[in-house]
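Subject: Structure handover

Hello,

Please find the structure below, with notes on what was found in it. Please read the notes with the structure open beside them.

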Amino acid sequence: MKFLDQAKIYIRSGDGGAGCVSFRREKYVEMGGPDGGDGGRGGDVWAEAVDGLNTLIDYRYRQHFKAGKGMHGMGRNRTGQKGGDVVLKLPVGTQILDEDKTTVLADLTEPGQKVLLLKGGNGGFGNARFKSSTNQAPRHANPGQPGEERWIWLRLKLMADAGLVGLPNAGKSTLLSAVSAAKPKVGDYPFTTLHPTLGVVRMGPGESFVLADIPGLIEGAHEGRGLGDRFLGHVERAGVLLHLIDITHEDPVEAWRTVRKELESYGGGALANKPELVALGKIDLIDEETRQMVAEDFAERTGVQPLLLSAATGEGTRQAMGRLYQLIGQQRGHDWQERRYAREVAALSDLPESGLPESDRPESDLALEQN
Ligand SMILES: Nc1nc2c(ncn2[C@@H]2O[C@H](COP(=O)(O)OP(=O)(O)OP(=O)(O)O)[C@@H](O)[C@H]2O)c(=O)[nH]1
Ligand SMILES: [Mg+2]
């Protein structure tokens, strides 16, 4: 599925229907009086968060959404029918922003959450409403109110529990594919990953967390270098970060500092303050003794004790996931897993047997059990 994390769309609520001018006309009933009905209300525009979506790609192909108009009122006191609503189905994690792209109008963080974006216009009163003792035959009805319109931005910030960050080629995507059933593209060149991928890491029965792999960061990413820092939004909601560094990098400390600097320049410190786990990866490429030396040197110079792992052989990956899982728990409070699990079960019960997402098939546990 193609990935798109922002889209600009036009929305319009329906016009209200006009009220009607009509008089009761029936055999043997003289001067039947006014019986013009009210116009129907215009349709509303709603946004709803739904599970099972993780891209806004649908909104690239269609950008205009208009709710239905209310029908006009009719004689014999018939009210016009209400216009049809429009419900925009959006992935959980979508923010709705004003046209200026800074004011947040709504943030959809829970599946099923529904917000009213534009209200339909009211229908006009029919002439039956204007009847009074002094005017028993009003020849007057109201027009319906027009609907409202506006342009809005949709911006998706994926809902991950932990985010993978690091320089390009550090091995982030390889690690994600080793610990989850996700299959991100892996390549021996920088910027293999062009958009974020989520994977479900299973820790035990009913225990799992979502790990997000994003494109690599380079120095100056916050000024738009490389792929820039625009994908960092996808780890903004994560509780913790896993910072992966290639142990064969000529200076792992320098690599760490480069990425830290980018994290600090992003969004007023939203990421720099998150708990960060540092791991030196690709340890299969060097011998035991050198690994320890590099790790010690790293700890001495930075004050951070790195974990050691290899996504290729699986060494150390299980421990790293365990540590991450523990940190997420501390960050999110004791019942976060129950809340997540309940959500997952609710999402699955809506799917037909063959429609299970890949990450929920039993094979997804294998990668971890092998370690
Ligand atoms: N030997 C060894 N090679 C690895 C390991 N992990 C990743 N690699 C290799 O390193 C290269 C880069 O891996 P990716 O997973 O694409 O790196 P990335 O961090 O996702 O890179 P970007 O998407 O460009 O940011 C690939 O050739 C991988 O096969 C590992 O644990 N051991
Ligand atoms: Mg990658």
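Predicted model: local features only at pLDDT ≥ 70, side-chain atom pairs only at ≥ 80, totals over all residues.

Residues are numbered from 1 along each chain as its sequence is written, and chains are lettered from A and ligands numbered from 1 in the order in which they are written.

Overall form

The protein chain has 7 helices and 14 strands; these are DSSP runs numbered from the N terminus, with helices being H or I of at least four residues and strands being E of at least two. Along the principal axes, the C-alpha atoms fill a box of roughly 110 × 45 × 35 Å.

Of the 371 residues, 41% are buried. Buried means that 20 or more other C-beta atoms lie within 10 Å of the residue's own, exposed means 12 or fewer, and partly exposed is in between, with C-beta atoms placed from the backbone. Among contacts with a separation of 6 or more, 74% are between residues 24 or more positions apart; a contact requires C-beta atoms, placed from the backbone, within 7 Å.

Domains

The domain assignment gives domain 1 (1-156) and domain 2 (162-369); such bounds come from an automatic or database assignment. The domain centres, taken over C-alpha atoms, are 44 Å apart. In the contacts across them, 6 residues of domain 1 meet 5 residues of domain 2. The domain 1 side consists of 2 nonpolar, 3 polar and 1 charged. Here Ala, Val, Leu, Ile, Met, Phe, Trp, Tyr, Cys and Pro count as nonpolar, Asp, Glu, Lys and Arg as charged, and the others, Gly among them, as polar.

Strand β11 (residues 207-213) is largely enclosed by the rest of the structure, because 6 of its 7 residues are buried. Strand β9 (residues 162-165) runs parallel to β11, joined by 3 bridges, and Gly-163 stands opposite Ala-212. β10 pairs with β11 in the antiparallel sense over 7 bridges; pairing takes at least two bridges found by DSSP. Val-201 has Phe-209 in β11 as its bridge partner. The hairpin of β10 and β11 has 2 residues between the strands, and Gly-206 takes a positive phi near 70° there.

Val-200 lies in β10 (residues 197-204). Val-200 counts as buried because it has 20 other C-beta atoms within 10 Å. Its C-alpha atom is 13 Å from that of Gln-337, 137 residues away along the chain.

Ligand 1

Ligand 1 is surrounded by 24 residues, the closest being Gly-171, Ser-173, Thr-193, Gly-216 and Ala-312; a residue is near if its C-beta atom, placed from the backbone, lies within 6 Å. Helix α2 (residues 172-179) gives the largest share of this shell, 3 residues. The shell divides into 9 nonpolar, 11 polar and 4 charged residues.

Pro-146

Pro-146 is in the loop between β7 (114-118) and β8 (149-156). Pro-146 is partly exposed because 15 other C-beta atoms lie within 10 Å. Apart from neighbours within four places in sequence, Pro-146 contacts Asp-15 and Gly-121.

Regards

Note on methods: Contact = placed C-beta atoms within 7 Å.
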